[in-house]
Amino acid sequence: MNKLILPILLTSSLSHAQKIDSIPPQQNENLNEVVLTGTMKPASRKHTSIPVEVYTSKFFKTNPNPTLFESIGMVNGIQPQINCNVCATGDIHVNGMEGPYTMILIDGMPIVSALSTVYGLNGIPSSLVDRIEVVKGPSSSLYGTEAMGGLINIITKDASKVNKFHADIYTTTWLENNIDLTYKFNIKEKTSSLIGLNYYLFNNKQDKNRDNFTDVTLQERLSIFNKWNFKREENKIASLATRYVYEDRWGGEIQYNKKIHRGSEEVYGESILTNRIELIGLYQLPTVEHIYAQFSYNFHQQNSFYGTDSYQAKQQVVFGQLYWDKIFRKHSLLFGTTIRYTYYDDNTPGTLNQDGTKNNPMRTPLPGIFFQDEITFNPKHKLLLGYRLDYDKYHKDIHSPRLAYKFTPNKFHTLRGSFGTGFRVVNLFTEDHAALSGSREVIIKNNLNPEKSYNVNINYVFNNTYNFGNLNIDATAFYTYFSNKIIGDFDSDPNSIIYDNLDGHAISKGISLNTDLIFKFPLKVNIGISYIDVFRKETDENNQKIKAQQIHSPKWSGNFTFSYSMPKKWTLDLTGIWYGKMRLPILPNDYRPEYSNPYLLTNIQITKKFPKFEVYGGIKNLLNFIPDNPLMRPFDPFNKNIDDPINNPYGYTFDTAYNYAPLQGIKGFIGFRYSIK
Amino acid sequence: MKTINTLLFGLSSMFCFSQIDITVFNHHYHKNKKAIMIYFYTDWCSICKIQENQLERNFQLRDKLNKEVYFLKIDAESCEELTFLNHTYSSNNTTYRKNTHDFVYEFIHPKEVNFPLWVIIDKKINVIGIYTGLIQSKELIQIINKIKKE
């Protein structure tokens with residue numbers, strides 16, 4: 001057939017659709033009408049039986065943030081939580097469960113785990129992301145250890161689908177500067193390579209709440225990303241990516257100088273230097289069958305001082321996977337085998353040998369096999385069966401079954417029911433280590449069971465098109481039971497750290513509701529509400545069963561996005577996140593309230609597109625919400641004067657964990673994007 | 001052939017407006033040459049649903065799509081191999097891994113892909129127009145009228 005695309009004489013009549021071929025760009029600009037296209041798929045779900053939500057980079061552009069960690073909060077039911085008001089370490093809560101229960105994958109591979117979750121999340125620039133896939137609830141049947149409470153899979157950009165050059169430069173009134181540059185080149189027809197550079201600098205000490213501590217952690221970060229995509233026969237896939245991240249961050253007393261005070265007792269500061277290397281490869285075998293080989297490696301090194309406590313840690317994870325993706329009659333089959341090897345070492349007694357003289361890093365090999373079958377009985381009924389077997393040296397064999405059903409009576413309604421399990425193997429990495437000294441024997445009890453989770457969820461999707469546009473309602477009810485938390489016991493015996501099963505369990509249950517409205521005129525609305533109840537049941541010292549509400553986990557939360565495209569290529573975005581009361585970590589007899597007040601963070605952005613570039617700007621935290629009491633006793637960070645019965649009758653100590661909202665009030669931002677096709 | 005046609009239309013409830021199956025089209029085309037309008041959609045594209053809703057509601061447009069052109073509605077992320085006239089485009093898609101079908105890239109560069117995507121091809125199989133985005137019914141009628149005149 002004729003591949004030549006000839007111009008058509010119809011442009012004058014076309015006002016809504018955008019003509020791509022043959023029309024010079026300047027002529028295209030005369031069409032001031034707004035084009036409605038479906039590239040943005042906020043809260044779209046994959047058509048599989050397991051509910052997977054997909055969010056594209058366009059969704060996150062409605063409220064631009066330099067890192068994915070900040071952007072992810074725009075997803076209903078996901079909450080980025082800062083755990084330290086000095087160093088700003090954070091974790092991502094899915095359905096109210098803490099970060100260690102959330103598995104974060106890059107291109108389907110587990111390269112953000114344990115140690116690297118502490119500061120590594122900030123090192124993922126938004127510019128790297130093509131889209132993210134979210135599974136709320138465990139999914140160890142496919143992904144193995146760590147996929148206990150939720151899963152976030154970050155899909156990086158495809159080098160063959162990006163512009164030759166793209167620059168995105170962004171700054172705020174707090175002088176948070178972010179530069180993203182991507183350059184793409186092709187070698188012959190078949191190889192394309194993308195080089196991405198992200199530089200973030202916040203070097204502007206601010207103490208607006210006058211506690212003599214930096215309000216926002218100072219950060220300097222460099223991430224260099226290089227991805228190769230190879231074009232092969234019959235569209236077979238081959239890609240190779242590598243990334244290097246360097247980060248220097250510190251927070252502390254305003255007069256802190258990293259060069260002089262690092263680790264000293266004069267001025268308090270927390271300084272963390274991170275070096276990280278990642279390598280990711282995907283190769284589809286040149287066979288008729290769809291067989292994929294995946295490989296990843298990462299090296300993560302953290303050099304840190306928290307006041308006088310030094311914490312030096314190193315982690316390496318090697319991951320390899322081979323799987324066969326087969327459609328056979330009514331069956332969509334997956335067969336796979338995988339190996340994951342983790343090396344972890346730090347300067348604490350946790351990784352010393354028994355007599356405490358020799359270093360004994362933790363080495364965890366974890367092989368596994370998995371199988372999945374999605375049976376399409378007919379377009380209305382689908383059944384998914386999954387099973388995975390992993391083998392760990394402490395826990396022996398670990399089984400992860402999966403069952404899901406999808407019923408689509410007609411194009412308006414979809415109903416899904418799913419049962420899934422998750423597990424996590426024992427992990428020596430814990431932040432408590434940093435405070436330990438002296439030699440301690442690490443005892444891992446022989447009958448140690450892995451941490452496990454069991455989840456049931458029911459999901460209902462309604463989609464209909466009306467005169468005004470398209471309405472999509474997505475409601476999920478879930479119940480997850482977490483058993484057997486493994487915690488290192490430092491107190492029973494001063495000469496050892498005992499890892500043992502904990503008698504107790506946690507429950508996360510709730511309902512989330514998402515509504516997407518796409519109008520015939522260029523307005524898109526996305527509103528989400530979640531009700532999540534997370535609590536832990538434990539036996540306390542007096543053998544009494546107690547129920548404790550999960551900290552940093554509000555029962556009510558929600559988010560909204562309004563995007564309106566105007567003529568002449570103007571776009572207006574109004575976004576917001578709100579959280580209800582949440583329980584906070586407090587000290588005995590604390591004067592600070594145990595529950596925070598509800599709050600709303602709302603942002604407005606306006607974007608203007610020009611033929612080759614676009615300018616965007618707006619205001620974040622429009623209502624200027626700032627949390628109270630971020631630090632306890634900021635004037636005595638080394639706890640030198642805590643034994644003063646007159647000035648400190650309750651024996652308070654320096655505490656940085658009372659956080660429920662960012663410490664930044666209202667701020668403006670402006671940015672500029674430029675591309676060459 | 002007519003029975004196959006009606007059978008196909010009867011089978012699927014999704015086929016509520018006058019599109020023609022691509023294999024049926026391949027058979028018919030050489031006997032009866034008409035302009036071709038290919039409409040690409042994906043299952044996650046809400047604007048596509050609005051577009052389809054508009055097509056369904058406009059009887060005049062449905063009639064024109066049915067009689068005056070070949071109207072092909074194609075899933076842009078199909079897992080199946082597609083044959084268009086004498087050329088076959090393979091699919092690397094499976095249930096778990098979906099990308100834009102190779103047939104779409106016959107008309108448009110990967111960077112430009114947006115949905116809904118309309119491809120307008122004249123009787124001599126020249127691609128005469130490619131549009132992304134929602135097209136209003138009255139404009140679709142105008143397009144059909146103009147390609148008929150040529």
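Q: Which residues of α3(B) are buried in this predicted model?
A: They are S46(B), I47(B), C48(B), I50(B), Q51(B), E52(B), N53(B), Q54(B) and L55(B). Buried means under 20% relative accessible area.

Q: What makes α3(B) a mostly covered helix?
A: The count does. Of its 12 residues, 9 are buried.

Q: How do you know that helix α3 of chain B is close to its expected span?
A: Helix α3 covers residues 46-57 of chain B. From first C-alpha to last, the helix reaches 17 Å. The expected value is 16 Å, at 1.5 Å a residue.

Q: Why are C45(B) and C48(B) called a disulfide?
A: Their sulfur atoms are 2.2 Å apart. The cut-off is 2.5 Å, so the pair qualifies. A search of the whole structure finds 1 disulfide over all chains.

Q: What makes the disulfide of C45(B) and C48(B) right-handed?
A: The torsion about the S-S bond is about 90 degrees, so the disulfide is right-handed.

Q: Why do C45(B) and C48(B) count as buried?
A: C45(B) has a relative accessible area of 0%. C48(B) also has 0%. The limit is 20%, so C45(B) and C48(B) are buried.

Q: Why is the pair F59(A) and F60(A) called edge-to-face?
A: The ring centres are 5.4 Å apart, within the 6.5 Å limit for a pair. The planes stand at 70 degrees.

Q: What makes Y466(A) and F468(A) a stacked pair?
A: Their planes are 10 degrees apart, and stacked means under 30. The centres lie 5.3 Å from each other.

Q: Why do Y466(A) and F468(A) count as partly exposed?
A: Y466(A) has a relative accessible area of 29%. F468(A) has 35%.

Q: How do you know that the charged end of K581(A) sits over the ring of Y595(A)?
A: That charged end is 5.7 Å from the ring centre. The distance limit is 6 Å. R673(A) lies over the face of Y616(A), at 3.9 Å from the ring centre.

Q: Which residues touch the most other members of the largest nonpolar core?
A: They are F25(B), M37(B), I38(B), F40(B), F84(B) and F103(B), in a core of 53 residues. Strand β1 of chain B, residues 35-41, gives the largest share, 6 residues.

Q: Which contacts does F40(B) make beyond its neighbours within four places in sequence?
A: F40(B) is in contact with I74(B), A76(B), F103(B), V104(B), F107(B), F115(B), P116(B), L117(B) and V119(B).

Technical notes:
Residues numbered from 1 in each chain as written. Chains lettered and ligands numbered in written order. Predicted model: local features only at pLDDT ≥ 70, side-chain atom pairs only at ≥ 80, totals over all residues. Heavy atoms only, no water. Core = buried A, V, L, I, M, F, W, Y, C linked by side-chain atoms within 4.5 Å. Buried < 20%, exposed > 50% of the residue type's maximum accessible area, 1.4 Å probe, protein only. Helix = DSSP H or I, 4+ residues; strand = E, 2+ residues; numbered from the N terminus. Contact = heavy atoms within 4.5 Å. Phe/Tyr/Trp six-rings, centres within 6.5 Å; stacked < 30°, edge-to-face > 60°. Lys NZ or Arg CZ within 6 Å of the ring centre and 35° of its normal. Expected span 1.5 Å × (residues − 1).
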